[in-house]
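Colleague: Please take me through one part of this model up close, strand by strand. I'd like to follow along on screen.

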Amino acid sequence: MRFGHFDDAAREYVISTPRTPYPWINYLGTEEFFGLVSHTGGGYCFYRDARLRRLTRYRYNNVPTDVGGRYFYVHDDGDFWTPGWAPVKRELDFYECRVGLSYTKITGERKGLRAEVLYFVPLGTTAEVHRVTLKNTSKAPKSVKLFSFVEFCLWDASDDQNNYQRNLSIGEVEVDGGTIYHKTEYRERRNHYAVHSVNAKVAGFDTDRESFLGPWNGFGEPQAVAEGRSRNSVASGWSPIGSHQLAVDLAPGEERSFVFVLGYVENPVEEKWEGPGVVNKARARQLLARFQTTAQVDAALVALRDYWTEMLSKYTVKSGDERLDRMVNIWNPYQCMVTFNLSRSASYFETGIGRGMGFRDSNQDLLGFVHLVPSRARERILDIAATQKPDGSAYHQYQPLTKRGNNDIGSGFNDDPLWLISGTAAYIKESGDLSVLKETVPFDNDPKDAATLFEHLKRSFHHVLNNLGPHGLPLIGRADWNDCLNLNCFSETPGESFQTTGNRTGRTAESVFIAGLFVHVAPDYAALAEAMGLESEAKAARFHAVRMEETVLKHGWDGEWFLRAYDFFGKKVGSKECEDGQILIEPQGYCVMAGIGVKEGHAKKALDSVKARLDTAHGIVLNQPPYSAYHVELGEISSYPPGYKENAGIFCHNNPWVMIAETVLGRGERAFEYWKKIAPAYREEISEVHRLEPYVYAQMIAGKDAVRHGEAKNSWLTGTAAWNFVAISQHLLGVRPELLGLRVNPCLSAEIPSFTVTRRCRGAEYRIRVKNAATGQPARLRVDGKPIEGTLVPWAPAGATVTIDCEV
Ligand code: GLC
Ligand code: GLC
């Protein structure tokens, strides 16, 4: 069952009923100012940091869910409603929500009045624009009242929901005609305020929540709206809001648009005031002047569209399978941009308070984003590297506003450092910019202790070698990629964090996954060392990779698949000897991606075991059998009920590792099957089961042991986005940048007999035509008509157009 449809020409998903199984959301903003907006207009916005600079309030865990947003209420002759249906929930004669690239457009119509609300953040702007268009579709004139509504957050989203004894007394606003200034704490240390404005003469306003809603009322029944009369309230403490009232007369067929702006303004400390206690509004006025007319708004929307058109032109496919095309050309890169910007901070499953930017997460997010705007990936790599510690370990997370490592979470996740090598290598392959390796970057943000980025990579690589366990495999630390495999935690206290508690500190628990990751990044690391002229380091790296591979084959092989780990006591994890959790997905994917056991036949066995034991109708589960009881020696993985999250859930992040691994063995058929099971566009038809947005991946789909098998959770902010893009675009469609050229080596199911890919990279354009007989063998290429040896097309000079014919 569907709740809408894709409109590929417009690059939109069109939701056709407000009664979706869950709020389906979108993101506004591309650089610094971001908003989340649901298909009913719910959500919130913030400047850079969802925790520290939140403009509007949102209540997680609310009943009903998704209450609070930027709402527009229409009062039409005693009847009042909201175009997004909620929160008033008056029946609409027409409803539609168009989810676009960094904008959302919601249209509702009732009793001859149509209201359309367009939400977006213009490029280079620290504000949302809300354009509201009212149209009289009836045969009689109408006198309508339009009310805007936002509820301000007192900036620090965590404090805002904790510290009522203070916060209910500090709210302050200024009202200046149609412009409302939210200035709580501006009187003291803050030098920023929020502005909420409209480009028309207002008939009234409200800035005090209770005055607007009336006591005991919720957002679905504001008294001011019901009566068609604002209170002109000026907030003093309690809960400041921003609401404008416009009186709009419409002849039959007439349409009028209004532009609302909700923005963030920062003043230099010396320029905070324009009079005693009066905020300096100069910068706000400059901001508002840019969006006074609908023509200005139209131009900003065109600029945003062009920005996306340009970015998406870096990789396009035409395959004859519209679902594949829309994932690769539109939605997957779009989600990659969102995850790149927001890491795991703010979604409908992440409160924006708990987590900042993850060290491993951001490096992986980069893999799917780097081709869109390489220069931003470069900046990000330098930011991440600056949170690395001098011994090569890494802060697990950092706050986007301060860019400082988060001490509450600390470090000790022993896979973290290696991801910096993957991220940096991906950036250099895309851009050719080796100069980044020579950039000076501090350790732990301490300018006195700085070295080249290459030196950071070196410490990453050697951090693994300096931390090997009894079998010569890497020590796991608090956890590796699987945050929930906590082999030193031994927690028996309810509520204790599995990630930051280490009740035992032995150096015994080892990870086969980190070993696979190490072997996988080693060739890239060695090549970068060579590029720096460090021959002996490159040689050493290759030597250590070979040794690690031998170690995995000796101590990390269980007979039919790769072991997952050794626990604190040296007992096997993920082995046929175990009762539960006999096989785990991560090392099967990563070891084969790294090429381990390919010639020995182990790789094939491991992947066949994945197929036999982990595959389901909805994707590949993380482990089998699920842990049926809590194991103190394994940690959080065994805390989840069977079938959910890391305990035998379909963790979509690592399904693509298995897809890529299948292509290493030339088995494109199976790789494609796996991909279609989790790719959202292919799951659109079962939206009533999947329940989340059919245009973006979710982190998790409940596994076969779960009560609700097939149901997704945690959409949007997940490494799933980047890894699936890498899998489908670089390994199945088979077009990927390498240091010395563009690799063209598809490995795809025969279902797609031919396709074309256009790839723009390093200033040149590559037009690739593929005939796919799915032989499983390396491709045969002709470049500009001439056959070449192998599958690597040397880089062409900027400005060139290269035609590649490929048979496989
Ligand atoms: C979450 C985390 C990620 C981790 C994964 C597996 O998605 O963001 O860092 O690797 O879970 O536990
Ligand atoms: C929980 C989740 C895991 C996530 C971690 C982050 O353990 O299961 O997916 O990575 O929290 O702290």
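Modeller: Let's start with a pair of residues: Tyr 119 stands opposite His 130 in β12. Keep in mind that this is a predicted model, where local features need pLDDT of at least 70, side-chain atom pairs count only at pLDDT 80 or more, and totals for chains, interfaces and linings use all residues. Residues are numbered from 1 along each chain as its sequence is written, chains are lettered from A and ligands numbered from 1 in the order written, and side-chain values use heavy atoms, without hydrogens or water.

Strand β11 covers residues 113-120 and β12 covers residues 127-136, and the two run antiparallel, paired over eight bridges. (Strands are DSSP runs of E, at least two residues, and helices are runs of H or I, at least four, numbered from the N terminus; two strands pair if DSSP finds at least two bridges between them.)

Both strands belong to an open, antiparallel sheet of ten. Reading across, you go β1-β2-β9-β10-β11-β12-β19-β16-β15-β14. At the edges sit β1 (4-7) and β14 (173-176), each with pairing on one side only. From one strand to the next, the twist averages 15 degrees.

Finally, look for helix α5, residues 282-289. This helix lies across β12, β14, β15 (179-182), β16 (192-198) and β19 (255-266), where contact means heavy atoms within 4.5 Å. Helix α5 runs at about 145 degrees to β19 (angles go from 0 to 180 degrees between N-to-C directions of axes fitted to C-alpha atoms, for helices over the stretch in contact).
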